[in-house]
Amino acid sequence: MIWTLRYDGFDPAEEGHREALCTTGNGYFATRGAAPEARADDVHGPGTYVAGVFDRLTSRVGERELEHESIVNVPNWLPLGFRIGDGPWFDLRDVELLDYEQVLDLRRGLLLRRLRFRDAEGQTTRVAQRRFVSMADPHLAALETTIHAEDWSGQLTISSGIDGDVENGGVDRYRELAAGHLDAIACDRPDDETIALCARTRQSRIAIALAARTRVHRAGEPLAVERRTIAEERRIAEELSLRLAVGEAVTVEKVVALHTSRDVAISEPTLAARRTLIGAPGFDALLQAHVLRWDGIWDALRVEVDGPATTAALNLHLFHLLQTVNGNAVDLDVGVPARGLHGEAYRGHVFWDEIFIFPLLTLKLPELTRALLRYRHRRLPEARAAARAAGFSGAMFPWQSGSDGREESQQWHLNPLTGDWRPDRSHRQRHIGIAIAYNVWRHYQATGDLEFLAHEGAELLLEIARFWSSIASYDRVRDRYVIRGVMGPDEYHDGYPDRDEPGIDNNAYTNLMAVWVLDRAREALDRLPHQRRRALREQLDLHRDELDRWRDISRRMFVPFHDDGRIISQFEGYEQLQELDWDGYRDRYGDIARLDRILDAEGDSPNRYRASKQADVLMLFYLLSSEELGALLARLGYPFEYATIPRNIDYYVARTSHGSTLSRVVHSWVLARASRPGSWPLFLQALDSDIESGPGSTTAEGIHLGAMAGTVDLVHRCYAGIELREDALWLDPRLPDELGELELSVRYRGHWDVRIRIGGGRLRVTVPPSDRSPITVVHRGARSVLGPGETLDVPLRVLG
Ligand code: BGC
């Protein structure tokens with residue numbers, strides 16, 4: 001139960017949602033859990049996405065030309081259909097379904113589908129399918145189909161194909177936009193049992209090659225069948241014919257290889273796909289290697305809490321995170337797409353969501369975080385160019401990032417409630433740079449990896465700090481620095497109701513975190529070995545006066561407050577906005593998560609109200625400890641007392657619609673850390689964000705990876721209170737009452753499986769046997785040194 005996601009019965013209205021949640025992937029590519037016999041239509045949305053394969057198209061919408069870069073839906077490798085005699089090709093909607101079951105086996109990374117149906121001729125057939133995208137060999141996937149003739153005999157024709165006639169059609173809101181990313185499609189039949197197809201993306205000219213080998217077995221023995229090739233312009237298939245007697249079954253095994261011209265260590269993708277396929281064993285052997293790889297992953301990453309449903313949801317979240325990024329992604333030069341490789345929402349772009357993902361990855365797979373941060377480092381030139389073009393210095397990273405690191409945020413977005421296209425100003429969320437800097441620093445803190453800091457990390461930190469220094473301007477009247485014209489994490493406010501220029505001023509989160517970045521950049525510089533520090537300063541032309549300015553800003557940044565300094569204002573002027581009639585809107589609309597669209601449809605705007613889509617000020621309490629935040633504010637000369645935190649939490653909780661799935665993760669976290677009630681229900685809601693398929697759900701278009709990783713992270717770093725700093729593993733658990741016990745494991749200082757168990761009033765930490773050095777564990781002030789093979793078992797001291 002903790003390792004499966006199960007669906008009984010077929011429900012066309014739910015199919016898109018299931019497809020996203022039943023996606024199987026390996027960090028290199030992923031395939032939605034679509035039915036193999038289906039093509040894209042109003043029920044089914046097959047999709048296969050390869051990490052980092054983007055393409056840019058221009059669309060004409062009315063008078064406007066809109067350019068978008070999107071992750072590409074590559075040719076579909078799944079197609080596997082069948083027909084009995086001269087009957088129609090099997091389609092779920094044309095038969096009487098007697099049984100239907102779909103099970104995602106998380107432990108083994110395997111999607112199972114079992115169905116039984118009666119056709120128009122009254123014949124009963126049983127079908128069982130198993131498929132996986134190989135974790136062991138990232139270029140391989142396999143689908144096995146067993147067809148059982150329960151009460152008929154006759155001719156069975158099986159069609160096994162590769163479909164290049166696909167486009168990006170997975171998101172309704174993008175329907176008016178250009179969607180055909182593939183051209184130059186060539187089909188081939190390299191040998192008797194293999195078909196192949198190569199396509200190229202239109203603009204980025206990435207070649208994508210697939211080769212599929214189809215074999216048939218009866219009673220475990222290979223079966224020679226008659227084969228016919230069906231080659232069309234954009235797809236290729238083969239039809240295999242055989243006879244089945246009553247009670248007999250055949251098993252069709254389709255093994256597929258996929259390569260693109262982005263791959264390393266290949267000559268050319270068509271050739272590579274063929275070679276990979278030739279070297280590939282049969283379904284069972286491939287599956288064995290795949291399961292073995294997943295075993296290793298789960299051993300290192302397991303999380304178990306009291307309550308099978310919660311553990312199952314956490315496993316599902318980890319599963320999808322790891323299918324999107326894992327060791328296979330280390331050499332791919334990719335970031336983490338906000339919606340996974342599970343659908344086309346947000347066009348596969350990379351956002352600040354990494355701030356919810358990397359800290360967890362660092363606890364489990366630090367080398368992966370490092371690789372993913374390199375995606376950002378490689379795009380420093382583009383971020384520098386963006387800063388220059390906007391009149392700033394340093395690196396201004398894009399709010400949405402794709403292939404080359406330029407700004408990919410849309411300029412216009414569609415409000416589905418009205419059908420109107422509206423200007424989109426979300427690229428003003430300059431705080432994206434804060435997320436990158438934060439991740440660099442936390443990675444360094446957790447791993448002590450000075451190599452990474454010296455080579456890439458510090459350069460990122462310094463260039464991002466430089467940007468914040470240049471966008472901050474000195475306000476003579478206040479004698480403070482201000483940052484104008486930005487957007488905070490709360491996307492509802494992109495300007496003032498009475499001002500034409502876009503953006504808001506002095507977003508508290510941005511201003512305070514900018515100071516934090518300036519501090520960390522200077523600290524990083526101090527920590528570098530002397531030679532490297534000198535070389536980097538010379539390379540970046542970083543002089544004393546610039547560092548002095550950073551220091552000055554970090555003492556005199558403006559932070560807005562209201563209610564006599566009791567509330568940190570989300571941005572300057574926030575308190576002058578109107579209060580929203582939350583109850584009235586809830587009564588009228590029910591779900592008001594997308595209050596922005598509702599207000600827009602009413603001819604109104606969220607800019608007029610004290611209403612947030614998601615955590616903004618509260619992000620400060622999420623990212624920084626109260627000591628850290630207190631010190632920051634004190635240095636800036638602002639009052640801070642512990643009560644500031646609960647007071648601000650109460651204030652903003654009441655004014656947030658949770659229009660982003662990230663919001664509940666943050667709220668649940670800050671409530672737990674501030675010992676306020678209410679963390680657990682929000683945690684459960686965050687856990688359910690993708691699993692629930694209510695009317696407002698967009699999971700069919702892709703999972704929400706930030707919320708998925710964020711909930712697992714919450715269990716680790718908030719509830720279990722794991723912190724890696726000052727060369728020690730700190731444990732400061734704050735378990736909600738509902739969470740009885742938990743057991744998890746982290747990678748720390750070369751120890752691959754440090755087990756932490758909290759429960760029964762005790763804390764137990766076990767370091768696995770090895771020849772590594774001992775580690776230091778700190779629990780509520782008590783330090784213990786633990787060598788390999790040793791266990792610390794102490795009474796748990798939990799803060800109330
Ligand atoms: C949220 C952003 C997030 C993006 C991608 C938006 O709805 O408001 O904070 O980065 O989704 O997940």
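Visitor: Which residue takes a positive phi in the hairpin of E31 and E32?
Guide: That residue is Arg780, with a phi near 45 degrees, in a hairpin that has 2 residues between the strands; strands here are DSSP runs of type E with at least two residues, helices are runs of type H or I with at least four, and both are numbered from the N terminus. Bear in mind that this is a predicted model, in which local features need pLDDT of at least 70 and side-chain atom pairs count only at pLDDT 80 or more, while totals for chains, interfaces and linings use all residues. Residues are numbered from 1 along each chain as its sequence is written, and side-chain values use heavy atoms, with hydrogens and water left out.

Visitor: And how many bridges join E31 to E32?
Guide: Strand E31 (residues 775-779) and strand E32 (residues 782-786) run antiparallel and are joined by 5 bridges, where two strands count as paired if DSSP finds at least two bridges between them. Within this pairing, Val778 stands opposite Arg783 in E32.

Visitor: Switching topic, what is the strand order in the open sheet of 4 strands?
Guide: The order is E2-E3-E4-E5, with antiparallel pairing. Strand E2 (24-25) and strand E5 (64-73) are at the edges with a single partner strand each, so one side of each has no neighbour in the sheet. E5 is joined to strand E4 (residues 48-61) by 9 bridges, and the bridge partner of Arg56 in E5 is Glu69.

Visitor: OK, where do the domains fall?
Guide: Domain 1 covers 4-299, domain 2 covers 365-688 and domain 3 covers 739-795, with bounds that come from an automatic or database domain assignment. Taken over C-alpha atoms, the centres of domain 2 and domain 3 are 34 Å apart. Their contact (heavy atoms within 4.5 Å) takes 8 residues from domain 2 and 4 residues from domain 3.

Visitor: What area is buried between domain 2 and domain 3?
Guide: About 380 Å², with carbon and sulfur atoms giving 47% of it; buried area is the accessible area (1.4 Å probe) that two parts lose on being put together, summed over both. On the domain 2 side, Pro366, Ala446 and Trp680 supply 59% of the area buried against domain 3, more than any other three residues.

Visitor: How many salt bridges does the rule find across that interface?
Guide: The rule, which asks for a side-chain nitrogen of Lys or Arg within 4 Å of a carboxyl oxygen of Asp or Glu, finds 1 across the interface of domain 2 and domain 3. The side chains of Glu367 and Arg747 form a salt bridge at 3.2 Å, N to O.

Visitor: Which elements of domain 2 give two or more residues to the side touching domain 3?
Guide: They are helix H6 (366-378) and helix H8 (432-447), and H8 gives the most, with 3 residues.

Visitor: How many salt bridges does the structure hold?
Guide: The structure holds 83, including one between the side chains of Asp505 and Arg484 at 3.7 Å, N to O. Both Asp505 and Arg484 lie in the loop between strand E23 (480-482) and helix H10 (508-527), so the pair ties together parts that are 21 residues apart in sequence.
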